[in-house]
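Biologist: Before I plan anything around this protein, could you walk me through it and tell me what each label rests on?

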Amino acid sequence: MVDLSWLTQKPKTQALLAEEKIVKLCAKAIDVSEIENLKCIHKVLVMGPKNILDELLKIYSQRYSNLYLVKSKDTLLEIVASGVEKADSIKRVSDYYHVEISNTLAFGDNYNDERMLKTVGKGYLMGNAPEELKKHYRYITADYNHDGIAEVLENLEN
């Protein structure tokens, strides 16, 4: 059974409440001392000002090479164990179904999708992605509010 718990420090912030609406999952407020009792943590999401997260990313990347650190927004830093990321999941699924990785595609809209998009045969960047990221991608589709994924899928060759 998959545990979809999302835990946060007390009290909930406005930024957290906004993120809850986006992911449609309510965070349970706990005391930080309770973290050591958790059996498994999938991801740590650090929310804060851009300049502080940029500095944390720099420091943590140097100190913790066994972690995958990436900003998913200017104000969000994701920290996961190495190997627990989208690119690795794509590889596992393609291996399981015996599909060449060159025959896969994926869609992403932010920096946390870069490894996945570079792993698949065709990585599509959504139109709502940051402009800086768009400079590095050949395939860009409409944003998610304008059916960018459907646009690509409808035009795939058989």
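Modeller: Gladly, beginning with helices and strands: helices (H or I, at least four residues) and strands (E, at least two) are DSSP runs, numbered from the N terminus. The pattern along the protein chain then reads β-α-β-β-α-β-β-α-β-α-β-α-β-α, and the chain has 6 helices and 8 strands. This is a predicted model, in which local features need pLDDT of at least 70 and side-chain atom pairs count only at pLDDT 80 or more, while totals for chains, interfaces and linings use all residues. Residues are numbered from 1 along each chain as its sequence is written, and side-chain values use heavy atoms, with hydrogens and water left out.

Biologist: Why is T8 called buried?

Modeller: Buried means under 20% relative accessible area, exposed means over 50%, and partly exposed is in between (1.4 Å probe, protein chains only). T8 has a relative accessible area of 16%, so it counts as buried. The residue lies in strand 1 (residues 7-9). Leaving aside neighbours within four places in sequence, T8 is in contact (heavy atoms within 4.5 Å) with L16, A27, K28, A29 and I30. Of the 158 residues of the protein chain, 29% count as buried.

Biologist: What makes D54 and K50 a salt bridge?

Modeller: The rule asks for a side-chain nitrogen of Lys or Arg within 4 Å of a carboxyl oxygen of Asp or Glu. For D54 and K50 the N to O distance is 2.7 Å, so the pair meets the rule. The two residues are 4 apart in helix 2 (residues 50-63), which means that about one helical turn separates them. D54 is partly exposed at 28% relative accessibility, and K50 is partly exposed at 42%. K50, D54 and K71 are linked in a network of salt bridges.

Biologist: How do you know that E114 and K118 form a salt bridge?

Modeller: Their closest N and O atoms are 3.8 Å apart, and the limit is 4 Å, so the pair counts. Both residues lie in helix 4, 4 residues apart, about one turn of the helix. E114, at 22%, is partly exposed, whereas K118, at 61%, is exposed. By this rule the count comes to 8 salt bridges.

Biologist: What makes the salt bridge of D113 and K86 a link between distant parts of the chain?

Modeller: The side chains of D113 and K86 meet at 2.5 Å, N to O. D113 has 4% relative accessibility, so it counts as buried, while K86, at 36%, is partly exposed.

Biologist: Why are strand 3 and strand 4 called edges of the sheet?

Modeller: Two strands pair if DSSP finds at least two bridges between them. The open sheet of 3 strands has the order 3-5-4, with antiparallel pairing. Strand 3 and strand 4 (67-73) each have a single partner strand, so one side of each is left without a neighbour in the sheet. Strand 3 is joined to strand 5 (residues 76-81) by 4 bridges, and M47 has L76 as its bridge partner in strand 5. Strand 4 and strand 5 pair over 6 bridges and form a hairpin with 2 residues between them.

Biologist: What makes strand 4 largely enclosed?

Modeller: 5 of the 7 residues of strand 4 are buried, so the rest of the structure largely encloses this strand. Helix 1 (residues 14-23) lies across strand 3, strand 4 and strand 5, running at about 130° to strand 3. Helix 2 also packs on the sheet, touching strand 3, strand 4 and strand 5, and its direction makes about 165° with that of strand 4. For these angles, axes are lines fitted to C-alpha atoms, for helices over the stretch in contact, and the angles run from 0 to 180 degrees between N-to-C directions.
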